[in-house]
Amino acid sequence: MIQRHSIFLIIILILAVGCVPRASGSPKPDSAILTSTTFLADIARNVAGDQQSVASILPEGADPHNYEPTPQDIARIESARVIILNGAEYEHFLEPILENASAQVIIIEASAGINAREDARGVDPHMWLDPNLVITYTENIRAGFERYDEQHSSIYQVNAQRYIEQLKSLDAWIVEQVNQIPAERRLLITNHESLNYFAQRYGFTVTGAIIPNVSSAASSSAQQMAQLIDQIKATKAPAIFLDAGDNPVLAQQIAQETDVKIVNDLYLETLNQLVPTYIEMMKHNVKRIVEVLK
């Protein structure tokens, strides 16, 4: 009898829990908001607040230029209600999947409205490395959330404005940090052409890239390597700045020829435990650049 009575009580408790109404401020159980990358997920979460749950398709540490979607990724995308992309031809790895996405899915292009840098090598999508441009990202994501969930528009507007103020503070902080670097030493050499928007905003000159392309999936010829070595010697650029996920082999070869320093712990395209938010990612990168160049 005791055992039956216990089972009966458990069943009652289970039914009771199932009947408890969900708090209006908690994430919607039926929502499926995906971003292409981890830094976009963080930006979107700042706008969403408690109203939506947001997940990144790319895992932490993944290089979007070389990523191959998994079957699990494809299933998540097919069931998504909202998909947030950087745009500017950044998400080539998603193009075949998005062609078959539901007609009802809302696609938010975070960089919409920003004049992208473009040349014969393609469109430069690395706009998020200028926090001022992330203000546009934030506004585009806010507008997309309002379209998806109109009843909480005022909450998204408040959250977006609060985050925009944080981005403005970040920009002012970066300006203060960069002012420690003498103008003649504000020289950047990168693995691929990723810091052009950052450089334009904060007064740096990008003197070259190991891979002279906006994608790390491209390659560098022996002639291009020789030209970069000559540029480093001519400009006396102090360092090559790599993302933590970049292969350092070519940078090491260049360093042997030029005595340039290699900085291989920037986080330009992904978050991780060290830099769990976009703002922390930017602060980490700026601190490392300033430490080496000032």
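Q: Which residue in E4 is the bridge partner of Ile84?
A: This is a predicted model, where local features need pLDDT of at least 70 and side-chain atom pairs count only at pLDDT 80 or more, while totals for chains, interfaces and linings use all residues. Residues are numbered from 1 along each chain as its sequence is written, and side-chain values use heavy atoms, with hydrogens and water left out. Strand E3 (residues 82-85) pairs with E4 in parallel over four bridges (strands are DSSP runs of E, at least two residues, and helices are runs of H or I, at least four, numbered from the N terminus; pairing takes at least two DSSP bridges). Across from Ile84, the partner in E4 is Ile108.

Q: Which strands stand at the edges of the four-stranded sheet?
A: The open sheet is parallel and runs E2-E1-E3-E4. An edge strand has a single partner, so one of its sides has no neighbour in the sheet. That describes E2 (54-56) and E4 (106-109).

Q: At about what angle does H5 run to E4?
A: Helix H5 spans residues 131-148 and lies across E1 (33-35), E3 and E4. Angles here run from 0 to 180 degrees between N-to-C directions, with axes fitted to C-alpha atoms, for helices over the stretch in contact. Relative to E4, H5 runs at about 165 degrees.

Q: Are H2 and H5 roughly parallel, roughly antiparallel, roughly perpendicular or oblique to each other?
A: H2 (residues 38-48) packs on H5 at about 55 degrees, with the axes 10 Å apart. Under 35 degrees is roughly parallel, over 145 roughly antiparallel, 65 to 115 roughly perpendicular, and the rest oblique. The H2 and H5 pair is therefore oblique.

Q: How many of the eleven residues of H2 are buried?
A: Buried means under 20% relative accessible area, exposed over 50%, partly exposed in between (1.4 Å probe, protein chains only). The cover over H2 includes E1, E2, E3, H5, H6 (153-178) and H10 (278-293). H2 is largely enclosed by the rest of the structure because its buried residues number nine.

Definitions and conventions: Contact means heavy atoms within 4.5 Å.
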